[in-house]
Amino acid sequence: MVEDFEKGQIIVDKNVVTYHDLKYFIVELNDKFRPDNLIKYDVLLIDIKEDELVTYVVKQIRTHINPRIYMMPIFLLSTTDFHEVVTTHLTDGILPSINHLDSIEPRALDIKANIERINHPKVLSFESQMINRTLNLMYTRNKKVLNPIPYFHSGIGYYYPELSINFDHRDESGALKILEIAEQEGLFQSEFHERVYCCNNCNGSYLNYREVCPKCNSSDSISQDLVHHFPCAYVGPIEDFKNNIDDQLDCPKCNKTLRHIGVDYDKPSVLYTCNSCHHRFQDYYTKAKCITCGTENDVEHLVPFSIKKYIMTKKGENVAINGYINIEKQLESLEGTVTMAIFKVLLTYEIQRLHTQGYQSNIGYIHVQHAAAVAGVLGLEKQKALMNDLVQMLKSNLNPSDFVSFYNSSTIVFSFVNTKHKEAKEAIEEMKDLSERLLRKSFEKVHIEVRTDVIALKLGGEVESVVNSMVFPLTKM
Amino acid sequence: MDVFGAEIQEFFHYLRSVGFSKLLRVFWFFFFFEFFRYVIVDLISLVFIMWDRKRNRNNYEDAKRRMWLELPLVSIVVPGKNEGKHIYKLTTSLKEQTYKNFELIIVDDGSDDDTEIICKSLKKNGLIDYFIRNEVRGGKASGANTALRIARGKYVVHLDADCSYDFDAIENIIIPFYESPDVGAVGGNVMVRNYKESLATTLQSFEYTDAISIGRMVASYLGIYRVVSGAFGAFRMDILQRVQGWDIGPGLDGDITVKFRKLGYKIKFEDRAVCQTNVPNSFRKLTKQRLRWDKSLIRFRLRKHSDVFFPSQNFSLTNFISFIENITYTLVLNIKWYIYASDMIYNFASVLPFIIVMNFFLYTTTNMFKLLVFNIFRERKNTPFSYFVLYVPLMVFYHGYYLRIVRTIAYIKEFFFKQSYKDPWNPEKTSIKALEIGI
């Protein structure tokens, strides 16, 4: 569609179609697809036949950081149904041809109107982001129920398209933790659907249940019936009784011919012999081999997950519109910290103290960059442990009169009371260095960067604006 | 009191008046058989055993060193039905062993209690190496032979599930194999754990201490030891495979020992390899057990292995003597005792009360002497010998009357009616077939 042409009210300009009040962008094969540029359009049309590429494009949109992009209506330009189940769930319908825009327009307009209603508070914690994304997508599609769909490519066997799309295959169980938090916050009610058992190494559910040798875990074994000859108490496999002359079974111990099971012999047990280690046993071990990572799991050590159907509550609906800000209750409880509200009160007093001749005071922050990604890798518990370590490190380097609080789950703010700004700057540089070393030591496999800054308090400053001005650079990241 | 004193005086007067030759005439059974065999022979043998032990101390230490150097795998096999309740204790006892290179094989012979659940749980926790469950009961021999299919050890130790073992028991029962390459099997020293439980257990404990433990030490020294206890016995795996395991019982432990002896292997008793077991706690249960044991003498010694008495290519003098001694002191003398009793009633009817009292006196004195003197030769004691002193007089009735009567009944039942084939100790299906082919 490189040529401009006019057809009725449809105006086609390269990959852009304007129809009534909506601007459609058509993604085609070989396009250099740049999701960031979609901000100017209202609806995305995908005109690609290859399933994998369609899936790729949909994922790029639905995982985009910008809410206007990840909530964007998506329609597939196709004459047939699309078979990939997750992509079908994440798109808003099928458009047989560009001439049928009327058929999707009401839905597109409805979604657009819903998107307009949604507020987007700045949220830094990973959990909050994920909850917001899920609720936003559901709300804009008037969807009340988040159903788990059985999905072959899912790491845990079930997929919540609006949420799970944000997770890598190996981290999909993280989606369940997010939903658990959302349920605890009263945003969802749940109904039990299924229980899945996953690998205790990678949380994968693609498991091969096998009966294996208890000694070497090999599933290559043979079974033999043990024959007990009553008169002489000989016990051995049936092969022991076979002779080379005829089909009769003769006891190798007393040479009597076996005639009648239950009368002169029986088969009291079965014995397995492992072809790998030659171990003999009667009871197999049942093991679950993870196809994804190869771990041999004892079935009793598999990790169980409850798969539930989630129904959005009124509170969830409200949060979908106004945004979910996790005030990180768990982090607030960390020893040595005060709540943000208390921090602000103390800061007010500190500003008042500046009236004293020669009194100087500062506030600073330590921010763990890319917190959402870090949390995705570390999980909530480790993230909390990381922040706790940082707080303890800070407390040991600050004066006892200094106060520390969490601005959010990845940002710690604190005071340098009665300290010159230059000294505070030096101190925070040292803290940055210490923090980075601590983080590198504690989380070797995760790349974590730290940002710090310190500002001097000024007389007459409003607490709110002081804090916001300090952390403002972070909101642009 | 005066009457009692007068009776005693009369008794001693009788003793003085009869003279030594008359005493021998009246108490020939005691002097010529029992005193000679169970006091004189035992005592002399014990002195030689101790002397030998001192003399060969270096050999023993060398054998022990070689065993530790080789560290052979020992397969411990425990067949049984409804023994689950004992298995944990057994595994605990085995866990304490100084000798660790063993595999524990438990065969559940068609239990109908929780044995399977218990054993599977213990196996899961690593306390049992192999657990084989036979859905239908096949008898002790088939259970042991099933274990033999799995066993990989150089030596096989057969245990009873309700026994526990000294921490060095496995080590001590294996050492004799390194003292001589001709040793095919070693019997452990079975002691009574519940000796205080009842009069029946106390008397059995005395019997085990004296007749069984000392008796087996002597028999082993003389080369006529013939029953490696099923509760604690060790066998060379290659010979067990050669004889194709155990044959059906009752009395399979004595039977397998004879099979080893027939192949020319030495059978040793090791009194330092100690196992403790619970014996029947009532005379009713004890009678049942002894009837079973005593029937096996007729079934195995006189019938199944009667070839030992006749010259053949595999004739062995020690086996012959072993059998003769066994038959003489258990079967023949048992019959002879009745002849003796008839002799006394017929010829000495007037002095019968004196004879009975004298018999009691002679046997009690002998038992007391054995208790005191033989105690010196016992390296390992689980009961203080003082505990038995009060019970010594009762041993006359226990040995002389009770066991003798039980033995007589058993012999009659087996000799004339082949009752051992009807013993529920074995499943009927196996006994019927064994009877058919005469083994």
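Colleague: In which helix of chain B does B:K295 lie?
Modeller: This is a predicted model, where local features need pLDDT of at least 70, side-chain atom pairs count only at pLDDT 80 or more, and totals for chains, interfaces and linings use all residues. Residues are numbered from 1 along each chain as its sequence is written, chains are lettered from A and ligands numbered from 1 in the order in which they are written, and side-chain values use heavy atoms, leaving out hydrogens and water. Helices are DSSP runs (H or I, at least four residues), numbered from the N terminus. On that basis, B:K295 belongs to helix 11, residues 283-304.

Colleague: Which side chain of opposite charge is nearest to B:K295, and how far away is it?
Modeller: B:K295 is buried (under 20% relative accessible area, 1.4 Å probe, protein chains only). It has no salt bridge (a side-chain nitrogen of Lys or Arg within 4 Å of a carboxyl oxygen of Asp or Glu). Lys and Arg count as positive, Asp and Glu as negative, with His and the chain ends not counted. The nearest is B:D423, at 4.4 Å.

Colleague: How many residues of helix 7 of chain B are buried?
Modeller: Helix 7 spans residues 169-179 and is largely enclosed by the rest of the structure. Its buried residues include B:I173, B:F177 and B:Y178. The count is 10 of the 11.

Colleague: Which residue with a positive phi follows helix 10 of chain B?
Modeller: Helix 10, residues 252-262, is largely enclosed too, because 9 of its 11 residues are buried. Among them are B:L252 and B:F260. The residue after this helix has a phi near 95°, and it is B:G264.

Terms used. Helix = DSSP H or I, 4+ residues; strand = E, 2+ residues; numbered from the N terminus. Buried < 20%, exposed > 50% of the residue type's maximum accessible area, 1.4 Å probe, protein only.
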